[in-house]
Amino acid sequence: MATKIPVTVITGFLGSGKTSLIRHLLQNNQGRRIAVVVNEFGELGIDGELLKSCQICPEDGEGDTNIFELTNGCLCCTVQEEFYPMMQELIKRRDSIDCILIETSGLALPKPLVKAFRWQEIRNAATVDAVITVVDCAAVAAGTFASDPEAIAAQRQADDNLEHETPLQELFEDQLACADLVVLNKIDLVDAETKARVEELIKQELPRVVKIVESDRSQLEASILLGFQAAVEDNLDSRPSHHDTEEDHNHDEEITSANLILDRTFDPEKLQQQLQTLVQQQEIYRIKGFVAVPNKSMRLVMQGVGTRFDKFYDRPWKPEEARQTRLVFIGRDLKSSEIESQLVAL
C-alpha cells in the first residue's frame, strides 16, 4: 500500500498569521511538493490569492495549481459537502503530492475536521500529521479572548456547569486543546513580560504537554512544522472540546463578513486611517484584502487585526487584471453600507 499523505491542519483565530505561515513554508519548501486547502470566511478568496502570489505556486493557466479554495462556509460545518470531495481529488494526485496543508478559517473548530480523516475513503490514503495552532500574542495580551482570564479560570474551577466564555473564547480554547504545536506569533509587538504572561495563559488551556514556539511574522522552518507523525485522527480523546457532548455545534450567527470591491485607487496611509476609524465604530475583528495604489504597478496587500495593520506589495498587477481595491471585513453585526460609504468618501 502506498504511504499515506501527511496532512497538517493549521488553525488559529482571525488574523493570527496562518496565511503568512503557509506562504513562508511554500517559499521555503526544501523541494517538497505541497498542496494547500484554504477555507475562507467570505467570498473574495483573499487568502488563496495571496498564497498563489508566493512566486512558487503555479498561477492559474500555468498547469495544475496546488492551491484549493473552499469558500462556501466554515470547513468544520461543511466537512461532508465541501471537504470530502476536495480530498477525493487530492487523493487522486497522491503520487505528485508530498504533503497537504489545510488552513482553516479563523472561525473553524479543528476537531470536526480531524474526525473526517476517520472516514474509510480518506483514512486509507491520508493521515493528520499534526494540528498547529497559531496565536496572535499581541491580540491575546490585549484581552481579545478574555477580558479577565484569571476570573474566568476561577469561575470554571468553581462550577464546571457554568459557561461564562464568549463564543470567541470557546473557539480559542478549542483550537488550543487540539494542538500538537502552538505558534506564538507576533512576539515583536509585545515586551518580554507580556509575552511570558500570554504563554502562561496558553499553558493553562492546554490539556497536555504541547510545545510552544515563538515566531515573528510566521517565519518558521519546515522542520519545525512538518513531520510530527501524530496520526491525530487516532487520538482525539486526548483533545477535549466544548462541543464534545453536542450532536452539532453552532457558530455565533452575528459574526459575518462584508465584501467590498471598488474600482478605484487609495492612498495607503489615508485608507489605513479610515479603516482604523471604522474598527473603533464597529466590532470588526479582521480586515484583509488588496489595494490599488495610485501610480504603483504593484498590488498592495493590507491586513488588519483590531487597530493594528500590516501592508506590503506582493506582486505586479497583471496586464489583463482589473486594478480594483478588494477588502473583506469580518466582525459582529457589521453594517456594510456604512463601511462602503465611508470608504467611497475618501
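## Labels and the values behind them

Guide: Asp136 is buried, and Lys186 is buried too. Keep in mind that this is a predicted model.

Visitor: How do you know that Lys186 is buried?
Guide: Its relative accessible area is 17%. Buried means under 20%, so Lys186 gets that label.

Visitor: What makes Asp136 and Lys186 a salt bridge?
Guide: Their side chains meet at 3.3 Å, N to O. The cut-off is 4 Å between a side-chain nitrogen of Lys or Arg and a carboxyl oxygen of Asp or Glu, so this pair passes. The two partners come from distant parts of the chain: Asp136 sits in strand S5 (residues 126–136), while Lys186 is in the loop between strand S6 (181–185) and helix H9 (192–205), 50 residues apart.

Visitor: What is the phi of Lys186?
Guide: It's positive, about 60°, although Lys186 is not a glycine. Most residues other than glycine have a negative phi. Gln229 is another case, with a positive phi near 55°.

Visitor: Is Gln229 buried or exposed?
Guide: Exposed: its relative accessible area is 72%, and the label needs over 50%. Gln229 lies in the loop between H10 and strand S8 (255–262).

Visitor: How many salt bridges does the structure hold?
Guide: There are 14. One of them joins Glu199 and Lys203, whose closest N and O atoms are 3.9 Å apart. That is within 4 Å, so the pair counts. Both residues belong to helix H9, four residues apart, or about one turn of the helix.

Visitor: Why is Lys203 called partly exposed?
Guide: Its relative accessibility is 45%. Buried would need under 20% and exposed over 50%, so Lys203 lands in between.

Visitor: How do you know that the length of H9 agrees with what a helix should span?
Guide: At 1.5 Å a residue, its 14 residues should span 20 Å, and the end C-alpha atoms are 20 Å apart, so the two agree.

Visitor: Why do the buried residues of H9 line one face?
Guide: The buried ones are Thr194, Val198, Glu199, Leu201, Ile202 and Glu205. Looking down the axis of H9, they fall within an arc of 160°, so they line one face of the helix. The face turned away from that buried side carries the exposed residues Ala192, Glu193 and Gln204.

Visitor: What makes Arg217 and Asp310 a salt bridge?
Guide: Their side chains meet at 3.4 Å, N to O, and the limit is 4 Å, so they qualify. Arg217 lies in the loop between strand S7 (211–214) and helix H10 (222–225), and Asp310 lies in strand S11 (residues 308–316), so the pair ties together parts that are 93 residues apart in sequence. Asp310 counts as partly exposed, at 29% relative accessibility.

Visitor: What makes S10 and S11 a pair of strands?
Guide: Strand S10 (residues 298–305) and S11 are joined by eight bridges in the antiparallel sense. At least two bridges are needed, so they pair. As an example, Val301 has Phe312 in S11 as its bridge partner. The hairpin has two residues between the strands, and Gly306 takes a positive phi near 65° there.

Visitor: Why is the pair of Tyr84 and Trp119 called edge-to-face?
Guide: Their planes are 75° apart, and the ring centres are 5.6 Å apart. Tyr84 is in helix H3 (residues 79–92) and Trp119 is in the loop between helix H4 (110–115) and helix H5 (120–123), so the contact ties together parts 35 residues apart in sequence. Tyr84 counts as buried at 19% relative accessibility, while Trp119 counts as partly exposed at 30%.

Visitor: Which residue lies over the face of Phe290?
Guide: Arg299, at 3.7 Å from the ring centre. Arg299 is also linked with Asp314, Arg315 and Glu321 in a network of salt bridges. Likewise, Arg264 lies over the face of Phe266, at 3.9 Å from the ring centre.

Definitions and conventions
Residues numbered from 1 in each chain as written. Predicted model: local features only at pLDDT ≥ 70, side-chain atom pairs only at ≥ 80, totals over all residues. Heavy atoms only, no water. Buried < 20%, exposed > 50% of the residue type's maximum accessible area, 1.4 Å probe, protein only. Phe/Tyr/Trp six-rings, centres within 6.5 Å; stacked < 30°, edge-to-face > 60°. Lys NZ or Arg CZ within 6 Å of the ring centre and 35° of its normal. Expected span 1.5 Å × (residues − 1). Arc of directions from axis to C-beta.
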